[in-house]
Amino acid sequence: MLQLVKRSLALSLSIPVKPGAIHRYSNDLDFERRLYEMIEVLPMLEEAYRRGQMLADGRIAASEMDLGNIIGKALRAAMEASGERPLVGLWSAGVVSAAIEGYADEAGIKAGGSLRSLVTRILYSTTLRDSESFLEALSGVGDSDLINAIESKGFSASSLQLSSPSLGDLFEAASSVDKGFMINSKEYGELVELSKVISSSKNIAVGVVKAYLQLAGSALKLKDLYDLSQHAELDASTLVKLDRKYAPQRDLLNRLLGGVFLATYVAVIEKGSLW
């Protein structure tokens, strides 16, 4: 259900306290600005969901999904809403997850049990135009870090005609900077393991925070955050102190939110509901 994608996005964005990243108790207007972004991205999630349905019932081929363009529209709409560089990985992951969910719903299958094959079919069958649209969108929202990461793997805008990468290939390259792109074939196993942090927690709020802490430890080598993720209980005062400590690194830590969303989404579709 598309509802599961939307709710997983909302939870990943809002649940407190994710030290250094956005949450609903952030003491500035950053959370509200990101909420504006989400509101404007929702129509693109619905569009991606419909395209997934059309792929499942044979009305379009995988190469006609137009995902690069849909992601581009989502990023531009988000930037217009907040007036700053959007949460690129989070909204990109949301669009792809919506397409997967649309396919699964129309085909009458459980996305959880078929996720690896759906990621391959949807992300790795895209066209050169999808990749061009995606890179154009990154340039348009000013995400030079992601562009540099992708170019370092040999995928520059000027060389796309020669390499003709799929969106899956670009996501693999982009994931070194933003974990919203870990929905790819190479990192599928890591994503599933992260989702187990959430599904094994006593409630989804604790699970989301623990997944964030663990991802911060593994991706950014922040040992104090990783160590906290291993505690059976999370101490609120410790989380608040760490939030103050890492607040200056918010842009970097917001790059984890897409990965937290993906782990939440995988946990939720395995469970079939929010608990």
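Author: The model shown here is predicted.

Helix 4 covers residues 88-107. The same check of length applies to it: at 1.5 Å a residue its 20 residues should span 28 Å, and its end C-alpha atoms lie 29 Å apart, again in agreement. Is helix 4 largely enclosed by the rest of the structure, or is it open? Of its 20 residues, 17 are buried, so helix 4 is largely enclosed by the rest of the structure.

The nonpolar core gives a further view of this helix. The largest such core has 96 residues, and those with the most contacts inside it are L67, W91, I100, F134, L138 and I150. Helix 4 supplies the largest share of this core, namely 11 residues.

If neighbours within four places in sequence are left aside, I100 is in contact with A111, L115, L118, V119, I122, I183 and Y265. The second residue, A104, also belongs to helix 4. With a relative accessible area of 1%, A104 is buried, because buried means under 20%. Under the same exclusion of sequence neighbours, A104 is in contact with I109, A111 and L118. A104 also lies 7.9 Å from G52, C-alpha to C-alpha, although the two are 52 residues apart in sequence.

Helix 4 also packs against helix 15, which comprises residues 257-271. The angle between them is about 25°, and their axes are 8 Å apart. Angles under 35 degrees count as roughly parallel, so helix 4 is roughly parallel to helix 15. Their crossing is right-handed. On the side of helix 4, the residues that meet helix 15 are G89, L90, A93, G94, S97, I100 and E101. Their partners in helix 15 are L257, G258, F261, L262, Y265 and I269.

After helix 4 comes G108, which has a positive phi near 70°. As a rule, most residues other than glycine have a negative phi, and most peptide bonds are trans. Some places elsewhere in the model may be set beside that rule. S164, in the loop between helix 8 (160-163) and helix 9 (167-174), has a positive phi near 45° and is not a glycine. Its relative accessibility is 41%, so S164 counts as partly exposed. K221, in the loop between helix 11 (204-220) and helix 12 (223-229), likewise is not a glycine and has a positive phi of about 60°. At 65% relative accessibility, K221 counts as exposed. Finally, the peptide bond from P16 to V17 is cis, with omega near -15°, and V17 lies in the loop between helix 1 (2-14) and helix 2 (30-56).

Notes. Residues are numbered from 1 along each chain as its sequence is written. This is a predicted model: local features need pLDDT of at least 70, side-chain atom pairs count only at pLDDT 80 or more; totals for chains, interfaces and linings use all residues. Side-chain values use heavy atoms; hydrogens and water are left out. A nonpolar core is a set of buried Ala, Val, Leu, Ile, Met, Phe, Trp, Tyr and Cys residues joined through side-chain atoms within 4.5 Å. Buried means under 20% relative accessible area, exposed over 50%, partly exposed in between (1.4 Å probe, protein chains only). Helices (H or I, at least four residues) and strands (E, at least two) are DSSP runs, numbered from the N terminus. Contact means heavy atoms within 4.5 Å. The expected span of a helix is 1.5 Å times one less than its number of residues. Axes are lines fitted to C-alpha atoms, for helices over the stretch in contact, and angles run from 0 to 180 degrees between N-to-C directions. Angles under 35 degrees count as roughly parallel, over 145 as roughly antiparallel, 65 to 115 as roughly perpendicular and the rest as oblique. A crossing is left-handed if the near helix is turned anticlockwise from the far one by less than a right angle, and right-handed if clockwise.
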